[in-house]
Amino acid sequence: MSTEYIWALCSHRAGDGSQVNQKTPDRPATLDYLAEVTTAAEEAGFANILVPCGTHCIDAWTTAGAISSRTKKIKFLVAFRPGITGPVYAAQQANSLDYLTGGRCTLNVVTGSTPVDQKRYGDFMPHDDRYARTGEFLDVVRKLWNAEGPLDYKGKFFEIENAGIFPERVTKPNPPIFLAGSSDPGKRVAWEHGDVHVMYAAEPEIVGKDIEEGRRESQAYERERPLSYGIRHLVCVRETRKEAVRAAEALIDKSDISNTGTWSDMKNITESTGQMRINEMGSRASPWITDTIWMGVNRVRGGAGTMFVGTPEMVAGVIREYYDAGVRHFIMNGWPHKEEAEIFGREVLPLLKDTEPIVLTEPAGVAA
């Protein structure tokens, strides 16, 4: 099975630059700069780019649509939250981006990591109920995608009458659905409704156990393609380990978790099992889990906090550990986003040819 290497976009308040989390970023998240980062990722060999969501982010659909006209091949992993938008409208948004870009849409369904940001959007639903709603949301979306005529649906969270949408999607059977979740409700929704189950990068053996469980439990559900697995992580690659360690540690020496309140909430006021795992790794006596896995970033932001630090050979080696555990989608970024994407593409990807990286092809055709 091929491996998908995915970059992550800095379309958020913290922007980009020499620090992970600055109050005033060196490089703000302007359209020109975001397009520059995406182009760099595309030219480096990344097949996809994550466009994040949250009150601290530029709207992901708007961002992906704007940048798509400035790039040629790279796909967009658009993050969005069920409950903030309805399933029919979300399916129409996905179809529209997929149609207009010739099949360059993939979907990151974010059930929610912190009640604080959910409430900012007016969503007060408890954690486990949110996952139940996500399952029903995706049930509606898939039924709509597969319906031969107008769809009627009545469930616990959604009631739909006579639904049909234009345009048709290009990607068949559907744009791949990436679902995160390490809690029991989150895993069950991913097993039933996901195409890719994504986890924060806990140690390879922990991720491997989750994958073994997912392979076993997902067999209980009918699906058009086998469930595959991904991790979200960070990278810092330099010619020597000493240079890499110095560069990584410099990323947080002037950062403060309070600079972006949403990241502080994600870390400190979380219901996410995955975030709790990362917090535990980051709270150990040493931030160095191994000579390559570093948790320093967890001190200054929520979300992805596991960074692979070292020479190209070292970083390729730890990626191969996760690959051997069953991971086939690696979602990553470093700082600055543009330069670190270029370094990874030039220095690390050639060492990972045996993982059969997905190679970008021309899109199926852009609607006139």
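A charge sits over a ring if NZ of Lys or CZ of Arg is within 6 Å of the ring centre and within 35 degrees of the ring normal. With that in my head, I opened this predicted model.

**Entry 1: charges over rings.** I went to arginine 328 and found its charged end over the ring of tyrosine 323, 3.7 Å from the centre. Then I looked up arginine 241, which lies over the face of tryptophan 288, 4.9 Å from the ring centre.

**Entry 2: ring on ring.** How many aromatic pairs does the structure hold? I got 10 aromatic pairs. I picked tryptophan 7 with phenylalanine 46: this pair is tilted, 5.0 Å centre to centre with 50° between the planes.

**Entry 3: buried or exposed?** Tryptophan 7 is buried, at a relative accessible area of 0%. Phenylalanine 46 is buried too, also with 0%.

**Entry 4: another pair.** Next I took tryptophan 61 and phenylalanine 80, whose centres are 5.7 Å apart and whose planes meet at 40°, so I noted the pair as tilted. Tryptophan 61 lies in helix α2 (residues 60-68) and phenylalanine 80 in strand β3 (residues 75-80), so this pair ties together parts 19 residues apart in sequence. Tryptophan 61 has a relative accessible area of 13%; buried means under 20%, so it counts as buried. Phenylalanine 80 is buried as well, with 7%.

**Entry 5: a cluster.** Last, I jotted down that Tyr5, Trp7, Phe46, Phe330 and Phe344 form one aromatic cluster.

How values were computed. Residues numbered from 1 in each chain as written. Predicted model: local features only at pLDDT ≥ 70, side-chain atom pairs only at ≥ 80, totals over all residues. Heavy atoms only, no water. Phe/Tyr/Trp six-rings, centres within 6.5 Å; stacked < 30°, edge-to-face > 60°. Buried < 20%, exposed > 50% of the residue type's maximum accessible area, 1.4 Å probe, protein only. Helix = DSSP H or I, 4+ residues; strand = E, 2+ residues; numbered from the N terminus.
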